[in-house]
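Look at the place where the two chains meet, and then at the open spaces on the protein. The paragraphs below take these in turn.

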Amino acid sequence: MSKTRIGDQVGPYFGEYGGRFVPEPLIAALDQLDQVYSKARHDPEFLKELDMLHREYTGRPSVLTEATKFAAAVGDCRVFLKREDLNHTGSHKINNVMGQALLTKRMGKKRIIAETGAGQHGVASATAAAYFGLECVVYMGEVDTERQALNVARMRLLGAEVVAVRTGTRTLKDAINEAMRDWVANVDTTHYLLGTVAGPHPFPTMVRDFHSIIGKESKQQMLEATGRLPDAVIACVGGGSNAIGIFHEFFDDDVKLIGYEAAGDGIDTPMHSATISKGTPGVLHGARSYMLQDEDGQTSDSHSISAGLDYPGVGPEHAWLKDLGRAEYRGITDKQAMDAMALLSKTEGIIPAIETAHALAGIEQLAKEMPGANILVNLSGRGDKDMETAARYFELTGVNRTVGDE
Amino acid sequence: MSKVSELLNQDKSTLIGYFPAGYPTIDESVEACLEMIKGGVEILELGIPYSDPIMDGPVIQKATEVARANGFRLRDSFEVIRRLREQTEVPILVMSYWNPILRIGLREFAEELKTAGANGLITPDLIPDEAKDWIEISEELGLDRVFLIAPSSSDVRIKRNAEASRGFVYTVSTMGITGERGELDALARDTVARLREVSNTPTAVGVGISTGTQVREVNEYANAAIVGTAFIRAYAEGGLTGLIEKTQELAKGLQLQSD
């Protein structure tokens, strides 16, 4: 009897999670997307075009960097960074965006909309829109437009319209609500370029597939660098796209998979975004998955110093992996993440995004549990966009000292 | 037999009115709903305030935020229904996004709904494809279940959603979220015509209807018109008096047709 491979699972359902909990007006567009994508994923023409974009525009394959000094500082382990921060636009987000932009063209649509938290997905979407000549509107919670002002400017320079969302908690969750409302009204002409592995089918499967190149490349690179598979593969988890991207290729291997969620002020305080660790199953943004909610089923406010992880939902495949016991999910506080950000910067000369720093912060504990382990980390994004937050947090505004006359 | 579909199958125009439970307070929402009924609303669509209402425009979002800020809790919905039921016979359909229902538990929610005196549920983010449990439980309890059809729905889906509905099927008039619109899309008329080809299920048209003239127009080709945002705006701007005036204006759309 052949064993079912976890890696072969496709939507609409991942166990009891996933599905399509959206208003009827959107179903036709989801069906169309599903059909176009189902054809494209096996179409050599499409795959060739995507591959060319990866190589000649995004800069793939992204390199693998062994972080020896960082590893020495945190414990008994080897740490390998999959450098998605070196992609064009500075994060893994471009992988999914280029794929969906190609599909947008195939569907004959001329306008894309996107939600963004940290602004990474918004910047990637605005970039693809500029490249492919599409109109682009990015919805961003007002709170996030303030803490990620640099990315707002980047999107606007690229020609996108950035809309600050003032409803609800004014963060990523509400940006998604607003993007869905736009999509309901403009579905004939518009593709919703969803940026994570959440949302209604086919988004969780499709976005995962577009990011699975991260795991495919890094598996090969780990074999070349060390002659074997890594002992653990780790990534930060907000909606869960970079984590699924690097995990997917390892689902059916004997490799530990750990996702690090934002524990904010602490996983036992109300101020966190640890959806899988502390949430319960429910329906949010079109899919059944874990979510943060109160006893009335109202979505709870999430909190994280990182705008990209500040989301009370998570992709349905992660919920399934958790229940299967195939992946483990842990919380990292704001402080732990910021310390890890500083440590990687000082030891390796690599400034990671605050999101990414959540994964790095987990390594110290992991090295204690698995002495001598080879740990593969998805270095999902670079930290340029976080300089304002970091400057405030570490009190870096101004210079160390001054020379010369006044 | 559904009381709602019986009512809608009569040869007359019907106005369905939406109002959020607990807006601005529980007492005031009961009072407002009773005035709407007194003024000519024959089926009440009672909205349950929810944190992420993706089908709703700014007016309804704001109203439900106010209700929640004033302390509305999910189980207060049953209290609102009970109090309305003590004073009126009109059918009450609860409009709720799916997650709050799942959180209480579908069976418990459905049973409490029935006990309180509601007739069924309108589910904006639940399609029949995902509704196996709800279809079973509503059949068992004799509750109406209203699914949506939209201009973008295929003929196959229009038929499936209509057949899966009990009471009526909700025709979304236009591609968009709730709110007032100057002109109703010809799309609504087309969608209802496509429905008529494949199903006898009664239908009410909603989204964007805000005037007596639009109520009359819609009743020319559908079984009822659904108005929400216009009631809430009238109440927000003019209090109970404003609401009563708006109800009278909308109800004129019913009389005009029977002339």
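A salt bridge is a side-chain nitrogen of Lys or Arg within 4 Å of a carboxyl oxygen of Asp or Glu. In this predicted model, four salt bridges are counted between chain A and chain B. One of them joins the side chains of Arg73(B) and Glu295(A), with 3.0 Å from N to O. Across the interface of chain A and chain B there are also 22 residue pairs in polar contact, both residues at pLDDT 80 or more.

On the side of chain A that touches chain B, at least two residues each come from strand 2 (17–21), helix 1 (27–40), helix 8 (172–186) and strand 11 (280–284) of chain A. Helix 8 of chain A supplies the largest share, eight residues. By class, this side of chain A has 14 nonpolar, 11 polar and 10 charged residues.

The size of an interface is often given as the accessible area lost when the parts come together. For chain A and chain B, the buried area is about 2,900 Å², and carbon and sulfur atoms give 49% of it. In contact are 35 residues of chain A and 35 residues of chain B.

Now turn to the pockets. The largest pocket holds about 480 Å³ of space. Its lining has 21 residues, and Asp209(A), Phe210(A), Ser212(A), Ile213(A) and Lys216(A) lie nearest its centre. Helix 9 of chain A gives the largest share of this lining, six residues.

The second largest pocket has a volume of about 310 Å³. Among its 14 lining residues, Phe21(A), Arg288(A), Trp98(B), Glu130(B) and Asp133(B) lie nearest the centre. Helix 7 of chain B gives the most to this lining, with three residues.

Technical notes:
Residues numbered from 1 in each chain as written. Chains lettered and ligands numbered in written order. Predicted model: local features only at pLDDT ≥ 70, side-chain atom pairs only at ≥ 80, totals over all residues. Heavy atoms only, no water. Contact = heavy atoms within 4.5 Å. Buried area = accessible area lost by both parts, 1.4 Å probe. Polar contact = N/O pair within 3.5 Å; in protein donor to acceptor, adjacent residues only side chain to side chain. Helix = DSSP H or I, 4+ residues; strand = E, 2+ residues; numbered from the N terminus. Nonpolar A, V, L, I, M, F, W, Y, C, P; charged D, E, K, R; others polar. 1 Å grid on protein atoms, 1.4 Å probe; cavity = no way out; pocket = protein on both sides within 12 Å on 5 of 7 lines; lining within 4 Å. Points joined across faces, edges and corners; volume = space filled by probe spheres on them.
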